[in-house]
Amino acid sequence: MTDIRGFCDQRFGAVREALAASLAKEDVGASAAVYLDGEPVVDIWGGYADADRSVSWERDTLTGVNSTTKNMTALCALVLADRGELDLSAPVAAYWPEFAAAGKENVLVRHALSHTAGLPDLSGPTAVEELYDWEGVTTGLAAQAPEWEPGTAAGYHALTFGFLVGEIVRRITGRSLGEYFAEEVAKPLGADFHIGVSAEHDHRVVPLIPPPTLTDEYTASAPPGPDGARREHTGVAIRVKDANSVAWRRAQIPAVNGFGNARSVGLVQSVLANRGSAGGVRLLSPQGCEPAWQEVFHGDDRVLRTPMSWTAGFGRFGNTFGWGGWGGSLVVSDPGSRMTVAYVMNQMIDRDQQEDNRGMEIVMAAYGGLH
């Protein structure tokens, strides 16, 4: 069995076994964490930082978590709302006046958070490099017309989510989403998660490894619908080589370019599962957490082609909420049990080619420890 390092409460031994089994099978390097009542009960890692399996995955290894970043971006909005600086029921244009153009005056903040704003694609940028121009992207978004009447339908806002929420945060605070997250969330919690990575951390960042049989030209795409057809995708195709580039690390793309490990992902999100605090640090009131699991939309998602329940910033699954990232990372929070489970890895799996149950097996193993 693969050598698993770190700390694991004996009640949660099945989590260690699940990570070891995954590393013996599909994974190259990975980490798993479980938080209960805002405190760590599992913080483990193992395997390798590179496809050649020559460099060990270490305690402080960081890697890109792609759309698992959306959980962090949503939390920033909920912190602002809890502090009375943001009204989730207000029009986005109340904070960002230019956004009212092209029939968007009735797009509410909660629409932007719940993938119901009608802006699932960026109409302007076609190259990844254009995503690094915050002003250019948000100006374009403000001018765009919605694809449907906001609030009446959902369609996963893969990239636009971060620009929409990030610009609202910037208009209110004068800080980029990455700066706000660093100062108001990561720093007080002591969480090693970064939206936009500075050069001092580069030596700890390990590249994502494309799925078996694929190269680093492998591109993120929306899943096909039940009939096998894919939604017509407009905008930017993001490849593994882009997500591994230094330019990507330095940029602010708060829907998708967060870097961390299971410990930091789980720590930050455990705040919401534990009624607003983790490790003795309070970020929100208990009431301020509730939008994370209160349903805003339920129905077929036009982009994901599957029934979805969306809250203010998260996917809802039964009594749990959270979201995962392209390739396999994920975080799930259960406010009833006050538990958060996170899984972060470097080996991507293409769901079109094979099932990817790695993260869910970690989650199910964690539930075994509650009984």
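A: Happy to. Helices (H or I, at least four residues) and strands (E, at least two) are DSSP runs, numbered from the N terminus. This is a predicted model, in which local features need pLDDT of at least 70 and side-chain atom pairs count only at pLDDT 80 or more, while totals for chains, interfaces and linings use all residues. Residues are numbered from 1 along each chain as its sequence is written, and side-chain values use heavy atoms, with hydrogens and water left out.

Let's look at the place where helix α2 (residues 69–82) meets helix α9 (residues 262–273). Their axes come within 11 Å and cross at roughly 35°; axes here are lines fitted to C-alpha atoms, for helices over the stretch in contact, with angles from 0 to 180 degrees between N-to-C directions. The crossing of α2 past α9 is left-handed, meaning that the near helix is turned anticlockwise from the far one by less than a right angle. On the α2 side, N71, M72, L75 and L78 make the contact (heavy atoms within 4.5 Å), and α9 supplies V265, V268, Q269 and L272. Sorted by class, this contact has six nonpolar residues, two polar and no charged ones. Ala, Val, Leu, Ile, Met, Phe, Trp, Tyr, Cys and Pro count as nonpolar, Asp, Glu, Lys and Arg as charged, and the others, Gly among them, as polar. As background, an α-helix has 3.6 residues a turn, so residues three or four places apart point the same way.

Now for each partner in turn. Because 12 of the 12 residues of α9 are buried, α9 is largely enclosed by the rest of the structure. Buried means under 20% relative accessible area, exposed over 50%, and partly exposed in between (1.4 Å probe, protein chains only). Just after α9, R275 takes a positive phi of about 60°.

For α2, 14 residues should span 20 Å at 1.5 Å a residue, which agrees with the 20 Å between its end C-alpha atoms. This helix is mostly covered, with 12 of its 14 residues buried; T69, K70 and N71 are among them. Just after α2, G84 has a positive phi of about 80°.

Stepping back, where does this contact sit? L272 touches L75 and L78, and also L284, C289, A292, W293, F314 and F321, leaving aside residues up to four places away in sequence. L272 is also one of the residues with the most contacts inside the largest nonpolar core, which has 82 residues; L113, F181, L189 and L284 are the others named. Such a core is a set of buried Ala, Val, Leu, Ile, Met, Phe, Trp, Tyr and Cys residues joined through side-chain atoms within 4.5 Å. Helix α2 gives this core its largest share, eight residues. A second, separate core of 26 residues includes I4, A20, V332 and Y343.

A20 is also among the buried residues of α1. Those buried residues pack against β1 (4–8), β2 (29–36), β3 (39–47), β14 (339–345) and α11 (358–368). In the loop between β13 (330–334) and β14 lies R338, with a positive phi near 55° although R338 is not a glycine. R338 counts as partly exposed, at 32% relative accessibility.

Key: Expected span 1.5 Å × (residues − 1).
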